[in-house]
Amino acid sequence: MISAFTGQQIRDTEQPLLDAGEGAVLMQRAAYGLAQAVAREVKTRRTLAGASVTVLAGKGNNGGDGLFAAALLARRGMRATAVLAAAEVHQQALAAFAAAGGRTLYLEPGNAEELAVLCAGDDAIIDALLGTGARGGLRGPSAELVASLQELRPRLVVACDLPSGLDANTGEVHWPVLEADVTVTFGGVKAGLMTDPGEGCAGRVHVVEIGIEESLESQQPELRRLTSRDVGAVLPHPGRRAHKYSRGVLGVVAGSVRFAGAAVLGVHAAALAGAGMVRYAGPQTVGQLVLAQTPEALWEPDEPGRVQAWLLGSGVDGKEQLARAKDAAAAALAADLPVVVDAGALSLLPERCPPHWILTPHAGELATLLDSLPSTGEVAVTRDDVESRPLHFVRQAAEQTGATVLLKGATTLVASPSGVVFSQSEGTAWMATAGSGDVLGGVLGALLAQCAETIKDDDGAYAGLGLDVADRWAALAAVAASVHGRAGSAASAELAGGPITASAIMAAVPRVLGSLNAECDRPRP
Ligand SMILES: NC(=O)C1=CN([C@@H]2O[C@H](COP(=O)(O)OP(=O)(O)OC[C@H]3O[C@@H](n4cnc5c(N)ncnc54)[C@H](OP(=O)(O)O)[C@@H]3O)[C@@H](O)[C@H]2O)[C@@H](O)CC1
Ligand SMILES: Nc1ncnc2c1ncn2[C@@H]1O[C@H](COP(=O)(O)OP(=O)(O)O)[C@@H](O)[C@H]1O
Ligand SMILES: [K+]
């Protein structure tokens with residue numbers, strides 16, 4: 001599991017070392033790691049000697065890291081320039097930079113554009129304007145410099161600790177921000193690098209150890225990300241004497257005459273993701289289409305048989321189908337069964353949901369949902385609000401509904417009502433295609449049906465994640481998001497990185513499950 005922390009948690013963890021006079025040592029480790037990363041990137045394109053690097057240095061320790069790193073690169077033969085964004089910068093770092101032969105330029109009112117043109121063609125730019133000490137975004141000439149540089153599309157941008165202007169805690173972005181190809185972050189991943197819109201500006205994230213890592217483990221992570229090994233370790237795997245009912249049966253109320261495809265995709269994805277059986281409830285015309293794609297499914301329009309979990313709402317439209325979803329929701333609540341609540345069913349929530357109800361809105365649906373809650377204030381929440389502050393709003397939704405909330409996006413966040421949040425980002429932008437969310441619903445429903453009876457076990461796979469029982473549903477939803485994202489990426493990779501349909505994502509699911517299972521060498525039951 002990858003853990004991400006707030007800027008404050010990292011600073012608190014550094015504090016005892018700073019009190020012990022170790023600050024300079026931490027900074028040297030950070031600078032060395034940053035310089036190594038820049039050198040590695042530049043060397044993939046050309047030789048280091050004679051290559052050019054510009055560091056944009058702010059007044060704080062972030063600027064100090066950047067200047068020390070540029071000094072190390074100058075000593076390795078790079079032509080180094082520092083653009084100082086403040087009258088006073090880290091003095092020892094500036095002295096080291098000058099001693100290494102670096103050239104210094106001063107950012108002043110009126111010369112931002114000129115400096116941007118001067119350094120945009122360099123082989124590397126290090127963004128060391130603001131780090132975890134930032135309050136708000138770049139202002140004045142620094143903002144102008146970054147805006148001009150962003151327009152000039154520099155070859156390689158390496159962010160020092162985090163892209164300047166990005167909130168380390170929340171991932172909120174104060175524009176302008178210089179979008180990084182690589183972010184070299186110190187001591188531990190900042191939460192803002194694992195949630196949008198911040199993650200979208202950070203490029204690849206590389207962590208440099210500076211000696212606080214062990215102490216950081218005692219902190220409760222702000223965000224968690226499951227690795228392929230974590231996912232492989234909790235994926236369901238049938239025992240030798242399994243039968244279709246013991247594998248887990250999923251009931252599906254999805255689709256409608258208008259949106260028939262949602263039912264076809266959801267049911268088929270659930271079957272491919274390993275549900276023992278899928279029972280579909282919906283209109284006859286849709287039922288016929290579902291069975292044509294998935295003859296393994298049952299069509300039970302009136303009284304579906306026993307299930308271990310429900311998938312409700314994808315493509316649900318019209319009175320009749322909405323009534324089926326409502327009945328199923330009531331039955332699930334009475335029987336304490338887990339439910340995936342998607343799209344059309346998001347309007348059917350009880351006053352308080354249990355954490356094993358997993359809501360799967362996209363940003364627009366989350367805004368509508370929050371607006372409908374009596375506990376939300378007077379001011380309407382918009383889609384733009386959710387897209388700018390997804391971590392804040394997904395937490396709020398989980399807290400206010402009592403449900404686990406999976407917010408879909410380039411980075412998918414899953415919040416449990418306790419505040420534990422997972423972040424998964426294995427997909428590709430090609431997955432922004434109609435029906436993609438219906439496939440996710442099917443995968444998640446299938447995992448719920450398969451794990452519903454074991455997820456709480458003290459000796460079960462999910463116990464290994466070290467989470468409270470109520471938070472394991474969020475982990476399960478993160479597993480589904482990870483599988484879905486990997487399936488999308490695998491499907492696109494098979495087409496040389498080309499576009500994909502929701503059907504292609506779905507078709508890749510069994511292979512992804514197979515390889516994740518194979519990666520994990522746990523003993524088989
Ligand atoms: N602690 C350590 O030993 C280690 C720390 N490390 C590194 O230090 C970084 C944190 O350093 P930091 O605390 O000096 O803050 P940093 O982000 O560089 O600068 C903030 C300064 O800028 C100012 N300022 C604030 N907002 C502003 C704005 N919007 N626009 C303009 N100015 C603004 C504000 O000054 P003020 O406005 O208060 O006068 C403040 O002084 C961290 O990210 C990591 O890279 C590593 O080396 C490991 C060891
Ligand atoms: N830019 C993106 N990068 C990666 N994944 C994305 C991106 N945009 C959307 N997705 C994923 O695609 C799915 C889209 O779901 P949704 O919006 O419900 O679509 P639909 O309703 O058409 O099925 C979600 O799982 C989401 O995480
Ligand atoms: K920075």
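Because the model is predicted, local features need pLDDT of at least 70 and side-chain atom pairs count only at pLDDT 80 or more, while totals for chains, interfaces and linings use all residues. Residues are numbered from 1 along each chain as its sequence is written, and chains are lettered from A and ligands numbered from 1 in the order in which they are written.

## Two domains

Let's start with the overall layout. The chain is assigned domain 1 (2-222) and domain 2 (229-519), with bounds that come from an automatic or database domain assignment. Taken over C-alpha atoms, the centres of domain 1 and domain 2 are 39 Å apart. Where they meet, domain 1 gives nine residues and domain 2 gives 11 residues; two residues are in contact if their C-beta atoms, placed from the backbone, lie within 7 Å. The side of domain 1 that touches domain 2 has two nonpolar, four polar and three charged residues. In these classes, Ala, Val, Leu, Ile, Met, Phe, Trp, Tyr, Cys and Pro count as nonpolar, Asp, Glu, Lys and Arg as charged, and the others, Gly among them, as polar.

## The nonpolar core

Which residues touch the most other members of the largest nonpolar core? They are Leu 67, Ala 70 and Ile 126, in a core of 185 residues. Helix H18 (residues 472-494) gives the largest share of this core, 13 residues, and at least three residues come from each of domain 1 and domain 2. A nonpolar core here is a set of buried Ala, Val, Leu, Ile, Met, Phe, Trp, Tyr and Cys residues joined through C-beta atoms within 7 Å. Buried means that 20 or more other C-beta atoms lie within 10 Å of a residue's own, exposed means 12 or fewer, and partly exposed lies in between, with C-beta atoms placed from the backbone. Helices (H or I, at least four residues) and strands (E, at least two) are DSSP runs, numbered from the N terminus.

Beyond its neighbours within four places in sequence, Ala 70 is in contact with Val 53, Val 55, Ala 80, Ala 82, Phe 97, Gly 102 and Ile 126.

Another element to look at is helix H14 (residues 363-372), where Ala 363, Glu 365, Leu 366, Ala 367, Leu 369 and Leu 370 are buried. These buried residues pack against helix H15 (383-388), helix H16 (390-401) and strand S17 (404-407).

## Around the ligands

Ligand 1 is surrounded by 27 residues, and the closest are Gly 60, Asn 61, Asn 62, Gly 131 and Gly 133. Helix H1 (7-19), helix H2 (23-43) and helix H3 (61-75) are the elements that each give two or more residues to this shell. A residue counts as near a molecule if its C-beta atom, placed from the backbone, lies within 6 Å of it. By class, the shell around ligand 1 holds 10 nonpolar, 11 polar and six charged residues.

Around ligand 2 there are 17 residues, the closest being Lys 408, Ala 410, Gly 427, Ala 432 and Gly 437. Helix H17 (residues 436-451) supplies the largest share of this shell, four residues. The classes in the shell around ligand 2 are six nonpolar, nine polar and two charged.

## Positions listed by UniProt

An unreviewed UniProt entry lists Asn 62, Asp 127 and Ser 164 under "binding site". Such annotations may be inferred rather than shown by experiment. The three are spread over 103 residues of sequence, yet they cluster in space, with a largest C-alpha distance of 9.5 Å.

Asn 62 lies in helix H3 and is buried because 26 other C-beta atoms are within 10 Å. Asp 127 sits in strand S5 (residues 124-128) and is buried because it has 30 C-beta neighbours inside 10 Å. Among the contacts of Asp 127 beyond four places in sequence are Leu 56, Cys 160 and Ser 164.

Most residues other than glycine have a negative phi, and most peptide bonds are trans. The table gathers some exceptions.

| Site | Backbone value |
|---|---|
| Trp 175 and Pro 176 | cis peptide bond, omega about 0 degrees |
| Asp 196 and Pro 197 | cis peptide bond, omega about 0 degrees |
| Asp 336 | positive phi of about 60 degrees |
| Ala 496 | positive phi near 55 degrees |

Pro 176 is in the loop between strand S6 (157-160) and strand S7 (182-186). Is Asp 336 buried or exposed? Asp 336 is exposed, because it has 9 C-beta neighbours inside 10 Å. Ala 496 is in the loop between H18 and helix H19 (502-519), and is exposed because 6 other C-beta atoms lie within 10 Å.
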